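Please follow the account below with the model open beside you. The paragraphs move from strand pairing to a metal site and then to the packing of side chains.

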Amino acid sequence: MAVRGRVRWWLACAATVAIVLPLGWAWQSSLLPDSYDPADMGYADWGGGPATSHAGHDGTPVADLTADPDQIPDVTTTLTVRDEGERYTVNGTSPGPELRATVGDLVEVTLVNDNVTEGTTLHWHGIDVPNAADGVAGVTQDSVGPGEEFVYRFLADQAGTFWYHSHQLSHEQVQRGLLGAVVIEPDGPPPYEVDALAVLHLYDGVATLNGEEGTATLEAEPGDRVRLRIVNTDNGLAPVWVTGTDFTVVAVDGTDVNEPGLLRDATVRVPAGGRVDLGFTVPDTGVRVDFAGSTAMVAVTDPTAGTTPGVPSATTTLDLLAYGEPTDLGFDPSAPDRIFDYRIGRRPGFLDGRPGMWWSINGHLYPDVPMFMVSEGDVVVFRIKNTSGETHPMHLHGHHAVVLSRNGEAATGSPWWVDSLEVAEGETYEIAFLADNPGIWMDHCHNLPHAAQGLIAHLMYDGVQSSYLLGGEHHNEPE
Ligand code: C2O
Ligand code: CU
């Protein structure tokens, strides 16, 4: 080989190495870790405050973070999950049975997996359960295999509307119907005659209301006060509007709104995973509630009989940032112990070895994302900023956070407590909560395919140790 040829050969080699090595490194570091341990995945983010200790190795195992094991349950039930081909059913139906309890009850649910070969779990969306009952495969338990059982125990300490769904292969199992509603009633007689559920779900692209297509009847008489509990179990935002009467938004994500004002001709937007409870009195002339323009509920007579579903009569959109009246939050968010950035973007790279365009968090791709570290008792602020080009319904497990501001504009209404918050493209939300529920908690997008595309991070308490493995013999795959 001539000298020039040899030089060119060496240059080509060097160039190849320069490209292949970083690519190989990026590929290798994109592989999913064995466990949700800050040492194994991501990097510990202490949110500006001092790191208090080395979490993850010497703390309380997640499996030990349970409700009082000696307390006798007030509500006991068994939920049996079956794979019926197209759908998953719970006790034979989808949506599964509605679970009802009264505030203060200890609830004990036995999940039985009849025949779901890939395994399953139940997550109690919006209920701030003890960590061991959170139902996330690989994080708070092992996926429950066919023929196996798992017992969930939690205190129903907040009255409101919630739901349950699988958190094993959730983007698949939830979409195919492994879900149901949970209602926790207040103590004492309810201030309404009719308490109804509207569970919204798309099966194979077909919109349903409580499992049925089209228009349902709301069983109510003129003069009845109604509380209508809307649960959006889909991946997208559901606009809801009421025709024929004034109404109020009584509760959002399981928390009552303080002094909600009367609304008329307003569209209410329910984020994926979110719940909105509407309150109204049925007028003699009837009332109609439309959900996402696809399904509806009608009481007495249909005030818009003959009009096409999907055309809202509503002219304004309710902004919860300024709805209702302020009241005490129960904690002071003005001097937080930890302030975290949760910046959502999108960029090319590898996710578990697969090349593609993935969601990024603070510029990083899952699993190399922040492990948001807190200590029990911390006041925590998250700044969620979305510049990813798409909207994201963000869901934090185990806590309710209050919205402080949107795009720098402070909240002025009732405390707006959320567990599922729509963060549209270009928006920045500041939310705050008290870290009062030790564990490892998912903080992810509830457009579940987005979670499977890497839009997941975790909140982890100092002094807690992970007990489960991702993948492994139980094939734990939470997304
Ligand atoms: Cu409704 Cu992480 O889930
Ligand atoms: Cu998303």
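Val402 has Ala432 as its bridge partner in β33, and in this predicted model the two strands concerned, β29 and β33 (residues 428–434), pair in the antiparallel sense over four bridges. Strands here are DSSP runs of E with at least two residues, helices are runs of H or I with at least four, and both are numbered from the N terminus; two strands count as paired if DSSP finds at least two bridges between them. Val402 also stands opposite Trp417 in β31, a strand of residues 417–418 that pairs with β29 in the antiparallel sense over two bridges. Another partner of β29 is β30 (residues 409–410), again antiparallel and over two bridges, with Ser405 opposite Ala410. β29 and β30 form a hairpin with two residues between them, and Asn407 in the turn has a positive phi of about 50°. Five of the six residues of β29 (residues 401–406) are buried, so this strand is largely enclosed by the rest of the structure; buried means under 20% relative accessible area, exposed over 50% and partly exposed in between, with a 1.4 Å probe and protein chains only.

Residues are numbered from 1 along each chain as its sequence is written, and chains are lettered from A and ligands numbered from 1 in the order in which they are written. Local features need pLDDT of at least 70 and side-chain atom pairs count only at pLDDT 80 or more, while totals for chains, interfaces and linings use all residues, and side-chain values use heavy atoms, with hydrogens and water left out.

Which residues coordinate the copper ion (ligand 2)? The donors are His392 through ND1, Cys445 through SG and His450 through ND1, at 2.0 to 2.1 Å, where a donor is an N, O or S atom within 2.8 Å of the metal (3.2 Å for Na, K and Ca), and sites may look incomplete as water is not among the atoms. Along the sequence these donor residues follow the spacing H-x52-C-x4-H. The pair His392, in strand β28 (residues 392–396), and His450, in helix α3 (residues 448–452), links distant parts of the chain, 58 residues apart, and both histidines are buried.

Strand β28 in turn pairs with β32 in the antiparallel sense over four bridges, and Pro393 has Glu422 as its bridge partner there.

Elsewhere, an open sheet of four strands has the order β4-β3-β6-β8, with mixed pairing. β4 (88–90) and β8 (149–155) stand at its edges with a single partner strand each, so one side of each is left without a neighbour in the sheet. Three bridges join β3 (residues 75–83) to β4, and these two strands run antiparallel, with Val81 opposite Val90.

The remaining topic is the packing of nonpolar side chains. A nonpolar core is a set of buried Ala, Val, Leu, Ile, Met, Phe, Trp, Tyr and Cys residues joined through side-chain atoms within 4.5 Å. The largest such core has 82 residues, of which Leu228, Val249, Leu278, Phe291, Tyr342 and Phe382 touch the most other members. Its largest share, five residues, comes from strand β35 (residues 456–461). Apart from this core lies another, of 25 residues, among them Val75, Leu111, Tyr164 and Val182.
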